[in-house]
Amino acid sequence: MPLASLPLLAFFFPILPRTQIPLWNLLPSPAARTAGFSDRVEPGRAENIGESRVPAFRAEMTRLPRSELYWRATVLNRVTGARWLRDTAVPPERISYGGARVGQTIYPEPGLSRVPIALDAPAAIGLPRVRQTPDGIYEWQGNPTKRLGYRAESVTSGVLSVAADPDRAFYLQVPEDIPSRIRRLAEDIRLRGKADGRRVELLETYFRDNNFRYSMHGLPTGPHALEQFLFEKRQGHCEFFASSFALILRAAGVPARLVAGYLGGDYNELGGYYLVSEDMAHVWVEAFITGRGWVRIDPSSLAQNAGEFWGRARRHGWIARFRLALDSLDYSWNRTVITYDLERQVEAVRSVGKRLQRFEARRAFTAALPTAAALTGLIGVLLLVFRGKHLLASREERLLRSFYRRVAQDCGIKPEPGRQGLFEIAAASGGNGKVREFAEIYAGALYRDRRLTREERARLKRLLREGF
């Protein structure tokens with residue numbers, strides 16, 4: 001019964017009405033993400049940072065260079081002490097998303113965040129009940145613990161043009177208790193650079209020339225962690241690089257903010273998508289440069305060992321390939337079953353309708369010829385394998401099989417080929433003259449190791465047609 005129901009399942013699955021709620025995932029997810037991406041940045045909380053390979057999301061899209069795989073989640077625009085947070089009262093600004101767009105289909109893992117993730121920077125996200133903030137962040141009002149999928153379009157140039165300068169006072173706020181050494185460094189950059197772009201260049205030069213190193217261990221801790229990072233230890237992870245860079249820019253008179261999200265991804269060749277895990281969580285800086293707009297700057301890339309630490313591609317041994325193969329199965333299940341909602345159903349119907357409108361019989365026939373030929377050849381091979389003995393039988397064998405059927409039909413006896421001879425069958429038929437004649441003609445040839453003559457075959461066929 002389950003096997004018999006499969007055709008009906010395949011027929012009704014695309015057409016049955018659905019709600020926006022996934023069919024097979026009505027209950028909340030039992031676990032949420034606990035490591036990796038966070039909606040706040042506070043360097044100095046721990047001396048060592050562990051990594052988690054737990055999947056964060058998958059993105060179905062074309063393959064891109066690693067330098068373009070910045071995934072934008074949220075913007076942190078307010079700094080309090082050493083902590084960067086998001087102030088929801090974002091000043092108004094009009095962002096222009098010019099240039100070519102990259103489409104993605106994102107499948108996030110269930111969690112607690114209501115911020116849809118997409119390539120930096122997302123120009124559009126196809127989710128119901130989603131709103132965009134002035135700084136290019138999207139906020140979703142749905143239930144994040146349910147599995148979902150959505151379409152996104154992004155501009156990956158790394159520059160967000162705006163119609164007018166942002167609220168500089170808002171993006172220049174700094175804590176009053178900035179350490180004196182950080183304030184002096186920022187003042188030196190402000191005096192030496194007269195324009196925003198020049199000040200950014202001077203700060204980048206400072207990071208390059210002072211042998212900063214990217215590290216997840218032996219990190220500065222405590223309330224003066226940033227000062228230790230900048231002037232003493234000179235090693236830390238992305239939170240140290242981005243936090244100190246943005247803080248110095250603000251103190252030097254350049255509007256700046258942090259962007260939290262992810263960097264990179266493992267491309268799954270089987271499924272055609274990127275797998276992004278929690279250990280790829282990342283923080284970078286957006287600085288406003290007059291005449292250009294908000295420019296993406298990744299201070300972690302200025303580290304002396306940046307390339308060898310996180311810029312290199314992961315090595316894919318057989319274990320990693322096996323893991324990606326298993327992940328592709330999970331991804332296919334989520335994509336085709338769990339997240340198949342009304343919107344995707346409508347898209348499928350529209351796609352079929354467009355194809356039917358463009359249907360041309362001659363072109364379709366020409367395109368189908370190779371497939372039809374291949375199927376015909378396959379059917380022929382299967383017939384030879386399973387029915388070859390019957391299809392390739394000689395004329396004598398075909399006459400004998402017809403004889404057995406006619407005797408069973410007309411004489412009411414069931415011949416036993418291989419155990420009964422022709423004359424035994426004739427005797428069992430009650431002395432039927434025609435059965436006896438058939439046996440004599442056929443046996444006269446078969447038992448003398450010769451083929452039937454044309455006249456003999458014609459006589460046997462006539463006996464079979466007339467019946468016994």
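**Inside the cavities**

Reply: Sort the lining of the largest cavity by class and you get 13 nonpolar, two polar and four charged residues (nonpolar is Ala, Val, Leu, Ile, Met, Phe, Trp, Tyr, Cys and Pro; charged is Asp, Glu, Lys and Arg; the others, Gly among them, are polar). Bear in mind that this is a predicted model, where local features need pLDDT of at least 70, side-chain atom pairs count only at pLDDT 80 or more, and totals for chains, interfaces and linings use all residues. Residues are numbered from 1 along each chain as its sequence is written, and side-chain values use heavy atoms, with hydrogens and water left out.

Searching the whole structure turns up two cavities of 30 Å³ or more (sets of points on a 1 Å grid over the protein atoms alone where a 1.4 Å probe fits but cannot get out, lined by residues with an atom within 4 Å of a point). The largest has a volume of about 190 Å³ (the space filled by probe spheres set on the points, which are joined across faces, edges and corners). It has 19 lining residues, and Pro108, Glu109, Ser113, Val115 and Leu148 are the closest to its centre.

Now for the second largest cavity, at about 50 Å³. Its lining is made of Arg72, Asp120, Ala121, Val155, Ser157, Gly158, Val159, Leu160, Glu286, Trp294 and Arg296. Two or more of these come from each of strand S12 (159-162) and strand S19 (293-297) (strands being DSSP runs of E, at least two residues, numbered from the N terminus). By class, the second largest cavity's lining comes to five nonpolar, two polar and four charged residues.

Conventions: On a 1 Å grid over the protein atoms alone, a cavity is a set of points where a 1.4 Å probe fits but cannot get out, and a pocket is an open set with protein on both sides within 12 Å along at least five of seven lines; lining residues have an atom within 4 Å of a point. Helices (H or I, at least four residues) and strands (E, at least two) are DSSP runs, numbered from the N terminus.
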